[in-house]
Structure formats: C-alpha cells, structure tokens
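Subject: The two-chain model, with notes

Hi,

Here is the structure I promised to send over.

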Amino acid sequence: MHRNPDRPLSPHLTIWRWGPHMLVSILHRVTGAGLALVGGAALVWWLLALAGGPEAYAGFTGWATHWTGIAVAVGLTWALFQHGLSGLRHFVMDAGAGFELSTNKFWATMTILGAALLTALVWAYILFGRGA
Amino acid sequence: MTMETPLARVRGLGAAGEGAGHWWQERVTSVSTLLLLIWLGVALLRLPDLGHPTLAEWLTSPLAAVPMLLLVVSAFWHARLGLRVVVEDYVHEEGSKLFWLLLIDFAAIFGAALGLFAVLKVALAAGAA
C-alpha cells in the first residue's frame with residue numbers, strides 16, 4: 001500500500017464510540033464471510049450427499065444430527081438471519097433513508113434482536129415442534 | 001494532452017478499480033438469493049419428511065430442480081462478490097490480493113459447479129419419474 005506517512009489517516013477510527021450500528025456493520029461482513037465459506041460448503045455437501053445415494057445421504061444426516069452439526073447449523077441460521085436483516089436495512093439505506101442517528105441506531109439494534117429471535121423460533125420448531 | 005482533472009482520472013478507482021457494476025450485481029444477487037432461500041425453506045417444510053427417497057423424488061420435478069440450480073448460482077455469485085470486497089478492503093499488497101481474488105473466483109466456480117452437477121444428477125437420474 002502506497003501511503004504518504006506525512007499525511008493524516010482519515011477517518012480517525014479510534015475516536016468513535018462503539019454503537020449498535022458499528023456492531024451490525026462488522027457483523028454483516030463476518031456473517032457474510034461465514035455464510036460464504038461454511039454455508040456454501042454445507043449446501044454443496046448436502047446436494048452431493050443427495051446425489052450420492054441413500055448411503056451417502058445417511059452419512060450427511062449422521063453429521064447433521066450430531067451435536068456438532070446442529071451447533072454449526074444453529075450458527076449458520078443465526079448468520080443467515082443477521083446477514084439477511086442487516087441486508088434489508090442496507091436496502092433502505094441505499095435508498096437514502098434511515099440515516100438519522102436515532103433511526104439508524106434503532107434499526108441496527110432491531111436486526112440483532114430480530115436475528116436472535118428468528119433463530120430461536122426456527123430451532124425451537126425444528127427441535128421441539130416437529131417431534132423430530 | 002488530456003483535459004481531465006486529476007480528480008476525474010481517479011474517480012471511482014477504489015481498491016476494486018471499478019464500482020457500480022459490482023455494487024449492483026451484489027444487490028441483485030442478494031434479492032434473488034433471499035427469495036430462493038425463502039422458497040427452499042417453504043418447500044422443505046411442505047415435504048412430509050427429509051429422507052433421501054422423498055428429497056430425491058422431489059428434485060426430479062422441474063419446479064424444484066430449476067429453483068435449486070438458480071439458488072446455487074445466485075448464492076455462489078453473491079458469495080464471490082462479497083468475499084472479493086473483503087479481500088479488496090484488507091489485503092493491500094497487489095500480489096497477495098491477486099492470489100486471494102483468483103482463489104475466490106476458482107473456489108466459487110468450483111463450488112457452484114459441484115452443486116449444479118449434484119442437482120442435475122438427482123434431477124435427471126435414470127428411472128426418475
């Protein structure tokens with residue numbers, strides 16, 4: 001990186017106080033990268049196992065219903081909801097709306113609460129609702 | 001001799017070297033991936049069970065196989081665009097940036113191709129209804 005050390009760095013990242021909007025911003029990136037790597041691999045694994053026949057599929061479901069598989073799946077579900085909700089928030093901001101400080105903070109907080117709530121609902125249904 | 005100001009010459013040349021095309025594709029694939037994931041969730045909920053025979057039979061239907069193929073393309077394209085931005089933001093050395101961007105391109109295309117092949121294999125299996 002070619003930077004003239006005589007020039008100041010801008011913006012001065014260290015002077016900002018952390019807020020929900022900053023957390024959501026970095027969570028969007030982290031969950032996006034996680035979904036791309038782990039989620040993409042899981043999707044392909046599921047489809048390949050399906051194409052591999054009943055035995056290969058049993059191997060996949062064995063892992064998917066093991067507690068490690070469930071832990072990864074819960075993580076992916078949360079990442080999907082967090083990334084999806086903050087993605088929807090990005091659409092609103094792309095339209096130029098929602099930049100007022102209080103509105104921005106409110107919806108940033110809502111994406112975090114919403115993602116946690118939706119993840120809990122989905123897994124309550126999967127683990128207890130279907131009797132599976 | 002050019003009449004361009006120095007600002008005009010560099011405008012839009014961030015870490016990626018271009019801007020709006022990538023930005024727009026990311027938005028389009030985010031909408032398509034979201035809609036296709038909602039479709040997948042609803043479709044799986046409507047199945048009586050998630051065992052191999054049920055899923056394999058379900059994927060022989062064009063209205064299941066085609067959205068699934070589109071989901072693979074849409075999700076991997078979106079993943080590729082997103083991971084590119086992360087590398088462009090954090091990897092500043094040109095050589096390693098090129099390496100990671102190539103790796104992302106190859107991995108995304110390989111992953112998508114594996115997914116597409118798997119769906120087609122199930123969908124077009126001999127003896128499938």
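A term to start with: a nonpolar core here means a set of buried Ala, Val, Leu, Ile, Met, Phe, Trp, Tyr and Cys residues joined through C-beta atoms within 7 Å. Please keep in mind that this is a predicted model.

With that term in hand, the largest nonpolar core has 31 residues. Those with the most contacts inside this core are Leu47(A), Leu50(A), Leu59(B), Val72(B), Ala118(B), Val119(B) and Val122(B). Setting aside neighbours within four places in sequence, Val122(B) touches Leu50(A) and Ala51(A) from one chain, and Ala56(B) and Leu59(B) from its own.

Next, the place where the chains meet. Here 16 residues of chain A are in contact with 19 residues of chain B. On the chain B side, helices H2 (20-46), H3 (52-58), H4 (62-90) and H5 (94-123) give two or more residues each. H5(B) has the largest share, with seven residues. Sorted by class, the chain B side holds 12 nonpolar residues, six polar ones and one charged one.

Now for chain A by itself. Its secondary structure consists of four helices and zero strands, in the order α-α-α-α along the sequence. Chain A is more spread out than a compact globule, because its radius of gyration is 20 Å, well over the 14 Å that the globule rule gives for 132 residues. Along the principal axes, the C-alpha atoms of chain A fill a box of roughly 65 × 40 × 25 Å. Of the 132 residues, 22% count as buried. Among contacts in chain A with a separation of 6 or more, 74% are between residues 24 or more positions apart.

H4(A) covers residues 101-129, which makes 29 residues. From its first C-alpha to its last, H4(A) reaches 40 Å, close to the 42 Å expected at 1.5 Å a residue. Which residues of H4(A) are buried? They are Trp107(A), Ala108(A), Thr111(A) and Ala115(A). What covers these buried residues includes helix H1 (20-51) and helix H3 (67-94) of chain A.

Happy to go through any of this with you at the screen.

Best wishes

Definitions and conventions
Residues numbered from 1 in each chain as written. Chains lettered and ligands numbered in written order. Predicted model: local features only at pLDDT ≥ 70, side-chain atom pairs only at ≥ 80, totals over all residues. Rg over C-alpha atoms; globule rule 2.2 N^0.38 Å. Buried ≥ 20, exposed ≤ 12 C-beta atoms within 10 Å, placed from the backbone. Contact = placed C-beta atoms within 7 Å. Nonpolar A, V, L, I, M, F, W, Y, C, P; charged D, E, K, R; others polar. Expected span 1.5 Å × (residues − 1).
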